[in-house]
Amino acid sequence: MTSEIENLLSFDHSELDRLLEQTFSSLETGDAAVAFQKLDLFWARLAMHIRGEHLHLFPALLQAAQESQFNDHDSSRMLAEVPELLTELHNDHDFFMRELVTAIKLMRIVQNGEPAETDKCLSECRELLEPVRERLITHNRIEEEKVYSMVADQFDSIAQNDLLTKVTKELTNLPPRHRKSKAQ
């Protein structure tokens, strides 16, 4: 059975993928202003997604793994892998944020720099974002196939609703600089 939080976070992955592809399209066409806008929104939205996982989902799953008294061998084995799996996902999140900060800095150079630097910076930004895009594919698959499905398996409906409320709050907490563009 699929939980609402699984649907929500999987849908958010799709939205983030769409934003990243729009960023790449703008970089390819050389539209630096739109590329910067899309990249900045992608960065903010990914940070919101990560915050929801780090503050609410991952701690809840760690606690469930620590408290688990399951007799089912498969469930016990899966829960035993949770700490290592979440560490791997944390490392991915750190990588994404580090690379995106560098890409944002490059795009700020484009905005404030000389036109001669634009093509070079756009190219460097594409090169920097390509490993992010590739790593996100594997990362999202792991979350969708292994992590999100644990919610329905490990939590009753009250705990699931509480988790859903908390994660939804994080996913909808856009930074002020993006609140107007979200409404458009």
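1. Which residues does Leu39 touch, not counting residues up to four places away in sequence? They are Thr23, Leu100, Ala103, Ile104, Met107, Cys125 and Leu129, where contact means heavy atoms within 4.5 Å.

2. A quick word on the ground rules: this is a predicted model, with local features needing pLDDT of at least 70 and side-chain atom pairs counting only at pLDDT 80 or more, while totals for chains, interfaces and linings use all residues. Residues are numbered from 1 along each chain as its sequence is written, and side-chain values use heavy atoms, leaving out hydrogens and water.

3. Leu39 is also among the residues with the most contacts inside the largest nonpolar core, which has 32 residues. A nonpolar core is a set of buried Ala, Val, Leu, Ile, Met, Phe, Trp, Tyr and Cys residues joined through side-chain atoms within 4.5 Å, and buried means under 20% relative accessible area (1.4 Å probe, protein chains only). The elements giving it two or more residues are α1 (4-29), α2 (32-67), α4 (82-112) and α5 (115-147); helices here are DSSP runs (H or I, at least four residues), numbered from the N terminus. α2 gives the most, with 10 residues.

4. Now for the packing of α4 and α5: their angle is about 160° and their axes are 9 Å apart. Axes are lines fitted to C-alpha atoms over the stretch in contact, and angles run from 0 to 180 degrees between N-to-C directions. α4 and α5 are therefore roughly antiparallel (angles over 145 degrees).

5. What about α1 and α5? Their axes come within 11 Å and cross at roughly 165°, so α1 and α5 are roughly antiparallel to each other.

Methods. Buried means under 20% relative accessible area, exposed over 50%, partly exposed in between (1.4 Å probe, protein chains only). Angles under 35 degrees count as roughly parallel, over 145 as roughly antiparallel, 65 to 115 as roughly perpendicular and the rest as oblique.
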